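Thank you all for coming.

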Amino acid sequence: MDFRFKNWLSSVLILLLTATLAVAQQPDAVSVNRATARNSGAVSPAVNLKWGSQLSRKRAERYLANLGAEIRTDYFDGMNDQLKAVAESNQIGEAFPLNVAASDRMPRVAKRAGDLFSWALPVSSTGAEGMRLQLDLSLLESDDKVYLLDAETLHAFGPYTAEKGLFWGPLVEGETTFVLLVSDDAKRGDFSIVEGSHIFKRRRAAKQCEDDLNCENEQIRQIATAVGHYSFVSGGGTYVCTGTLLNAQDGSFKPYFLTANHCVPSQSVANTVHVYWDYRSTSCDSGRGVDKSSLPQNQGSTLLATNSNLDATLLELDGSVGSRHFMGWNATAVPARNSNVTCIHHPAGDYMRVSKGTITGTGQRACGSYDNEIRVDWIDSLTEGGSSGSAILNDSFEVVGDESGCGPENCNGNSAPGNYDWYGSFFHFYPQIEQWLGDSTEPPGGDSLANGESQSFDLARNATRSWTIAVPANASDLVVTISGSGDADLYVKRATINWPGDQGSHNEAEFKAPYSSGSNESVSFPSPAADTWNVLVHGYNASSGTITASWTVGGGSGSGEVDWVRETPHKYANNQTYEYTYSKAGASRVGVHFEKLNSESGYDYLSVIDENGNTVYRVSGNLISNGSGNAFGRSDGWAYVDGDSITIRLETDYSVTRYGFKTDKASFQ
């Protein structure tokens, strides 16, 4: 952190002085009830989900009839073998730039396919076994949809809309990916293809001495449905690792996914996670994996917690994972030496294998920088690159660690002599993730802050405390302040704070965190939405002090809300101006609430104007639906100006129309 050299130096000196006193089982950073830190595995309820291609082959062929000129790159033509030779053990792809405005390369004229219009663009990397593409869809209209299609099978991923913004798409097999745009409007959408990742190996066959999952008993084959093979993008390169679903004590079956920090260390990488489920051999020792394109898949995730010292990460996957096993876990104690463990994993990104071994060491430093590692010596089989993040299971098939790796990979025919690996300790990681896996009915902290109230905090290094603030309607000037000693960081966010994924500086409309030195920080929101806001204080170093929240609300006969319904035609006409004014004599602040606001992005603009004729806001696009959306520096549909009158004015150009707007109420203070 900037300006913290003194604190950093002090921390280093303390570590040096106390290094010889370190013990394998460090005290929990927060209070944990170890007696209940355990849960059994369970199968989630059946749900009706559509797996496989998101478009029928017939419909895909119809959409692809309007095909633009191919974008082909030769960055890695003929270089797959060289890339394999220098790649990291779990790397399967290498980055290449594109920076293509798709609308410039797609056909000029839209082709109607039923009630919709379509455009398509082939993107190729010569010699690739597959590709991942990074797209920026932020400028698309609300009714535009993008799909990514396998050029050979026409398997379709998507649809993706403007809400995705800048993101990495899934891994698509083959050297060509069709990028397809579908819209109910004949005007081409505006989006970019930013970067690609050239897949130079679909999978490397795992070593011969790896044991096939499908040769195991029914119980192991069933619990293996909790294990996912996934790819992710880091620095443009594509890599593979393994992860495991964990069963939370609340019975929610939320897709909490345990893996390694060295695979997914940040939210930016978590966004790119693409999981394949049930990737197995076609039959016991067949040597062939099933077709991955037909498997259940999940794309994207939220980073809930990660720890680089323990090499562990907990994600919550986007979407449903269907009916499958969620693994049990045990954090009551560090697993005993000489106890047996099982690991279900995807070595080299290949189909699922099983390794069995014995714990021969705990509380050790391994792989150069990981603390409290567990050593497993393999009795049968081993692990490889791509197995990273996979869980070790005790005799009750409970998770007790996640793989860091770093061991040898000796394979002599069907035997695997002298192999071992290191695993992150689930016991030590659990205090960070108890709030999601434990059966807690209260959010962490569980306190609330009233208007003008101060509360104290006293935090150890890396500890946190949380509060909520119930912000009422028509509140203004929300200010949250901490003051005290040590070094604490303040976070205030309308949405849920994802810790530690949200750690760092923020200055957004509804999320602020100064992230500065010391324990004296303050954030303010001039026009906060009426909602439950979230506050978190993190002890960057040991710290104590007070936290205070305050805001202003107009009261009595001097403030209120009135019905105020104004709307454009739906759809509005071209070359028109639609203007309405709300006034309240003597008011110091007035506002208008939009039920819906959708204009042609970048062409038709809505202005919000104050009593002096000043344009306070000028916005464009599909911004508000059902009374909420991101506009006017807020997400609750309100636009406010100082003074006693507010004017809203929509000006349209000569082509393309959208819904327009509709308001339902106005307010005054």
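This is a predicted model: local features need pLDDT of at least 70, side-chain atom pairs count only at pLDDT 80 or more; totals for chains, interfaces and linings use all residues.

Residues are numbered from 1 along each chain as its sequence is written, and side-chain values use heavy atoms, with hydrogens and water left out.

Let me begin with the cysteines. A disulfide is, in general, a covalent bond between the sulfur atoms of two cysteines, and here the term is applied to a pair of cysteine sulfur atoms within 2.5 Å. How many disulfides does the structure hold? The structure holds 4 of them, and if we number the bonded cysteines in sequence order, the pairing reads 1-8, 2-5, 3-4, 6-7.

The bridge I would show you to begin with joins C209 to C411, with the sulfurs 2.2 Å apart. C209 sits in the loop between β13 (192-199) and β14 (211-212), whereas C411 sits in the loop between β28 (398-405) and β29 (420-425), so this bond ties together parts of the chain that are 202 residues apart in sequence. The two ends are placed as follows: C209, at 1% relative accessibility, counts as buried, while C411, at 30%, counts as partly exposed.

Next comes the bridge between C215 and C284, where the S to S distance is 1.9 Å. The torsion about its S-S bond is about 105°, and the disulfide is therefore right-handed. C215 belongs to the loop between β14 and α5 (218-223) and C284 to the loop between β18 (274-277) and β19 (297-299), so that parts 69 residues apart in sequence are tied together. C215 is partly exposed at 34% relative accessibility, and C284 is likewise partly exposed, with a relative accessible area of 41%.

The bridge from C367 to C406 has its sulfurs 2.0 Å apart, and with 130° about the S-S bond this link is right-handed. It connects distant parts of the chain, 39 residues apart, with C367 in the loop between β25 (353-366) and β26 (370-380) and C406 in the loop between β28 and β29. C367 itself is partly exposed, with a relative accessible area of 27%.

And which cysteine is the nearest by its sulfur to C343, a residue that is in no disulfide? That cysteine is C241, whose sulfur is 12 Å away; C343 is buried, with a relative accessible area of 0%.

Now to the domain annotation. An unreviewed UniProt entry gives residues 465-539 as "domain: Peptidase C-terminal archaeal/bacterial"; positions are in the numbering used here, feature names are shortened, and such annotations may be inferred rather than shown by experiment. Over residues 465-539 the chain is 0% helix and 61% strand, and the end C-alpha atoms are 9 Å apart.

Lastly, the backbone. Most residues other than glycine have a negative phi, and most peptide bonds are trans. Against that background, the peptide bond from G158 to P159 is cis, with omega near 0°, and P159 is found in strand β9 (residues 156-160). The bond from H570 to K571 is also cis, with omega near 5°, and K571 lies in the loop between β38 (560-567) and β39 (577-583).

As for phi, D311 has a positive value of about 55° although it is not a glycine; D311 lies in the loop between β20 (301-307) and β21 (312-317) and is buried, with a relative accessible area of 0%. D477 has a positive phi of about 55° as well, but D477 is found in strand β33 (residues 475-493) and is partly exposed, with a relative accessible area of 43%.

Terms used
Helices (H or I, at least four residues) and strands (E, at least two) are DSSP runs, numbered from the N terminus. Buried means under 20% relative accessible area, exposed over 50%, partly exposed in between (1.4 Å probe, protein chains only).
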